[in-house]
Amino acid sequence: MPRKQVVILGSTGSIGINTLKVIDRFPDRFKVVGLTAYHNIRLLEEQIRKYQPTHVAVADEGVKYFKRHASLRKIKIWDVHHDLEDLVSLPAVDVVVIGMRGSAALAPFLKAVRCGKTVAPANKEALVIAGDILMQEARKHEARIIPVDSEQSAIFQCLEGQKREQLKKIYLTASGGALNNVPQTKFDQLSVKQILDHPRWKMGKKITVDSATLMNKGFEVIEATRLFGLRVEDIEVVIHPEAIIHSMVGFKDGSILAQLGVTDMRLPIQYALTYPDRWESGLAQIDFAQLGTLTFKKPDFKKFPALALAFDVARRGGTLPAVLNAADEEAVEAFLNGQLKFSGIYRTVEKVVKNHKNTARPKLSDILSADVWAREEAKRFIYN
Ligand code: MG
């Protein structure tokens with residue numbers, strides 16, 4: 001059997017690193033053909049030497065650095081800001097894993113589906129801001145999108161072999177983030193480090209802050225409606241701190257299917273790479289007796305208003321999801337740099353969403369201008 005040829009966008013981030021760990025288990029089934037990163041040149045160089053991709057894309061100083069290396073001369077060194085679309089459309093590529101964060105993933109994502117590739121997105125920004133366009137193009141070009149985000153992977157797995165019209169609702173589970181048991185009045189007294197201390201998942205900084213505000217879950221609500229063609233009313237968020245159930249799907253007859261597993265991103269990554277098969281992963285099995293209980297509760301929309309805002313944005317659609325995403329990205333960055341209090345993240349995003357003139361059924365250009373507008377508006381609010 002020929003090896004599946006894989007490109008990893010964002011190979012030095014947590015999704016990229018875990019994707020390579022999965023690939024390490026099956027060296028005769030996968031071949032890494034492309035790796036991309038922004039600034040982690042040292043790790044990227046290690047990865048290049050180990051996996052020998054034909055193409056690498058990296059940011060400015062990295063391009064200069066790698067081009068100087070005689071030993072890397074056979075590898076094409078491209079610019080991560082301009083060449084990702086060329087990279088994902090290489091004829092050799094079978095699967096594109098999108099581990100990079102941010103709306104910069106939209107262009108290569110769109111290009112990959114237009115080339116009919118299988119796309120395994122962990123990135124949620126692209127689906128949040130332009131999910132309708134991506135799904136429409138994927139159908140048109142018969143590209144497969146197999147989500148890697150653990151909740152979306154769970155839903156995808158539960159829907160396998162089921163008739164879509166018999167689906168009744170989705171239970172999107174949330175661990176609750178770092179602030180699940182912290183009273184709201186204490187939020188602004190916590191350090192960035194405390195906020196970044198997620199109880200269940202080890203992830204990048206931006207998504208960990210989004211988990212603390214529950215904005216991350218809000219993005220997943222929007223993402224799920226786009227990926228699975230659901231109405232917002234069909235999605236219920238359930239707080240499940242143990243994060244053992246990764247999401248559930250309810251059918252008309254009252255049956256509910258859930259996908260369970262250890263909290264390890266290698267599981268959904270591997271599923272996306274081996275779909276529709278399941279291979280031995282070597283991951284720990286769940287010990288139910290040791291777990292004892294699984295707990296559930298309703299989300300507190302007052303304590304976490306970002307989730308309520310995201311539901312509202314999901315319902316209204318148009319360019320608003322792009323605005324929500326862009327404003328949040330700016331606000332979280334300001335928070336991480338110590339320029340905004342924790343509660344300021346929500347205040348900023350709410351303000352920008354409120355000031356936006358929504359465009360219904362937007363074209364890609366409308367989405368991109370809304371993104372630019374929202375960033376400027378957010379900065380104006382934060383720094384004035
Ligand atoms: Mg998730």
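A residue is called buried when its relative accessible area is under 20%, exposed when over 50%, and partly exposed in between, using a 1.4 Å probe and protein chains only. Helices (H or I, at least four residues) and strands (E, at least two) are DSSP runs, numbered from the N terminus.

## About the model

Welcome to this predicted model, in which local features need pLDDT of at least 70 and side-chain atom pairs count only at pLDDT 80 or more, while totals for chains, interfaces and linings use all residues. Residues are numbered from 1 along each chain as its sequence is written, and side-chain values use heavy atoms, with hydrogens and water left out.

## Helix H5

Let us begin with helix H5, residues 106-114, where Leu 106, Pro 108, Phe 109, Leu 110, Ala 112 and Val 113 are buried. These buried residues pack against S1, S5 and S6, and also against helices H4 (84-88), H6 (125-140) and H16 (364-383); contact here means heavy atoms within 4.5 Å. After H5 comes Gly 116, with a positive phi near 75°.

## The sheet

Six strands make up an open sheet with parallel pairing, in the order S4-S3-S2-S1-S5-S6. Strand S4 (76-79) and strand S6 (118-121) are the edges, each pairing on one side only. On average, neighbouring strands are turned by 25° against each other, direction ignored. Two strands pair if DSSP finds at least two bridges between them.

Strand S1 (residues 4-9) and strand S5 (residues 95-98) run parallel and are joined by four bridges. In one of these, Val 7 has Val 96 of S5 as its partner. Helix H11 (residues 266-274) packs on the sheet, touching S1, strand S2 (30-36), S5 and S6, and its direction makes about 140° with that of S1. Such axes are lines fitted to C-alpha atoms, for helices over the stretch in contact, and angles run from 0 to 180 degrees between N-to-C directions.

## The nonpolar core

A nonpolar core is a set of buried Ala, Val, Leu, Ile, Met, Phe, Trp, Tyr and Cys residues joined through side-chain atoms within 4.5 Å. The largest one has 127 residues, and Leu 9, Phe 109, Leu 273 and Leu 324 touch the most other members. Helix H14 (residues 320-336) gives the largest share of this core, 10 residues. Beyond its neighbours within four places in sequence, Leu 273 is in contact with residues including Val 6, Phe 30, Val 95 and Val 97.

## The magnesium ion

Asp 149 (OD), Glu 151 (OE) and Glu 220 (OE) coordinate the magnesium ion at 2.1 to 2.3 Å. Along the chain, these donors follow the spacing D-x1-E-x68-E. Asp 149 and Glu 151 are both buried. Donors are N, O and S atoms within 2.8 Å of the metal (3.2 Å for Na, K and Ca); water is not among the atoms, so sites may look incomplete.
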